[in-house]
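Subject: Structure for your review

Dear colleague,

Please find the structure below, together with the sequence. My notes on what was found in it follow.

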Amino acid sequence: MSVFIPLSYDHFAPAEAQAKVLLGPEQINAIVRRLALELERDYQDKHPVLLTVMSGALVFAGQLMTHLRFPLQLDYCHVTRYRGAARADELQWLVSPRLALKDRHVLVLDDILDEGHTLLHIERFVQAQGARSCASVVFCDKRHDRKAEKDMRAAYTGVDIPDRFVFGFGLDYLEYGRNCPALMIVESL
Ligand SMILES: O=P(O)(O)OC[C@H]1O[C@H](OP(=O)(O)OP(=O)(O)O)[C@H](O)[C@@H]1O
Ligand code: HPA
């Protein structure tokens, strides 16, 4: 496998300098708590597998998990399209899930539904493993008409956001910015 070397911080810094807060930590927390209640309502007795899509969903999944008060198991997979950049590339599988998904209720957790190719691909993979059910949970859904399937939506959506590049709360630009506690919007990208 080739080693991906991201651009330096000098490339990220100008975007960071002009970024504006789209959602602050308190707003994010309220959204995550609401999603947790919806999942508790629907998955209380289903013992789901939470399949976290690395790396972007790391922060979202971590925060969401602390609010889920029912039995579940955690797994992850790593699929990447953007490789840190603002434009998508070929979809690449880096890590497959470890748990057997056959006959399980699977919740695919991702930070963002943008064009939707990533989620569609993972959902198809999960179904091909013989899962009993598969539903996606996304923190945010970027609203535009370039979805992989017309009118595509996740089963659970935290918040709709404008058609602009965002970073923070796990999302990156050039692999930087994931640790920002707010969701930041960059108008120029
Ligand atoms: O809806 P799409 O247009 O397919 O894009 C959404 C995907 O893009 C980002 O991942 P990325 O490929 O950047 O990898 P990362 O999670 O490691 O940042 C994000 O975390 C989603 O998984
Ligand atoms: O707007 C975005 N920001 C960061 N990562 C992304 N992956 C898809 N869309 C985005």
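Predicted model: local features only at pLDDT ≥ 70, side-chain atom pairs only at ≥ 80, totals over all residues.

Residues are numbered from 1 along each chain as its sequence is written, and chains are lettered from A and ligands numbered from 1 in the order in which they are written.

The ligand surroundings

Helices (H or I, at least four residues) and strands (E, at least two) are DSSP runs, numbered from the N terminus.

The sheets

Two strands pair if DSSP finds at least two bridges between them. One open sheet consists of 6 strands in the order E4-E3-E2-E5-E6-E7, with mixed pairing. Its edge strands, each pairing on one side only, are strand E4 (92–95) and strand E7 (156–161). Neighbouring strands of this sheet are turned by 25 degrees against each other on average, direction ignored; axes are lines fitted to C-alpha atoms, for helices over the stretch in contact, and angles run from 0 to 180 degrees between N-to-C directions. E2 and E5 run parallel and are joined by 4 bridges; Leu 51 has Val 108 in E5 as its bridge partner.

An open sheet of 3 strands has the order E1-E9-E8 and antiparallel pairing. Strand E1 (20–23) and E8 are the edge strands here, each pairing on one side only. In this sheet, neighbouring strands are turned by 40 degrees against each other on average, direction ignored. Over 3 bridges, E8 pairs with strand E9 (residues 183–186) in the antiparallel sense, and Phe 167 stands opposite Met 184 in E9.

Core and packing

A residue is buried if 20 or more other C-beta atoms lie within 10 Å of its own, exposed if 12 or fewer, and partly exposed in between, with C-beta atoms placed from the backbone. A nonpolar core is a set of buried Ala, Val, Leu, Ile, Met, Phe, Trp, Tyr and Cys residues joined through C-beta atoms within 7 Å. The largest such core has 45 residues, and those with the most contacts inside it are Leu 51, Phe 60, Val 106, Val 108, Leu 109, Val 126 and Val 137. E5 gives the most to this core, with 6 residues.

Helix H3 (residues 58–65) has Val 59, Phe 60, Ala 61, Gln 63 and Leu 64 as its buried residues. Two residues are in contact if their C-beta atoms, placed from the backbone, lie within 7 Å. The cover over the buried residues of H3 includes helix H2 (25–43), strand E2 (49–54), strand E5 (105–113) and strand E6 (133–142). Not counting residues up to four places away in sequence, Phe 60 touches Leu 109, Asp 111, Phe 139, Phe 169 and Gly 170. H2 lies across E5, E6 and E7, and runs at about 155 degrees to E7.

Backbone details

The loop between E2 and H3 contains Ser 55, and the peptide bond from Met 54 to Ser 55 is cis, with omega near -5 degrees. Phe 169, in the loop between E8 and E9, has a positive phi near 50 degrees without being a glycine. Phe 169 counts as buried because it has 28 C-beta neighbours inside 10 Å. Glu 175 also has its place in the loop between E8 and E9, and its phi is positive at about 70 degrees although it is not a glycine. Glu 175 is partly exposed because 17 other C-beta atoms lie within 10 Å.

Yours sincerely
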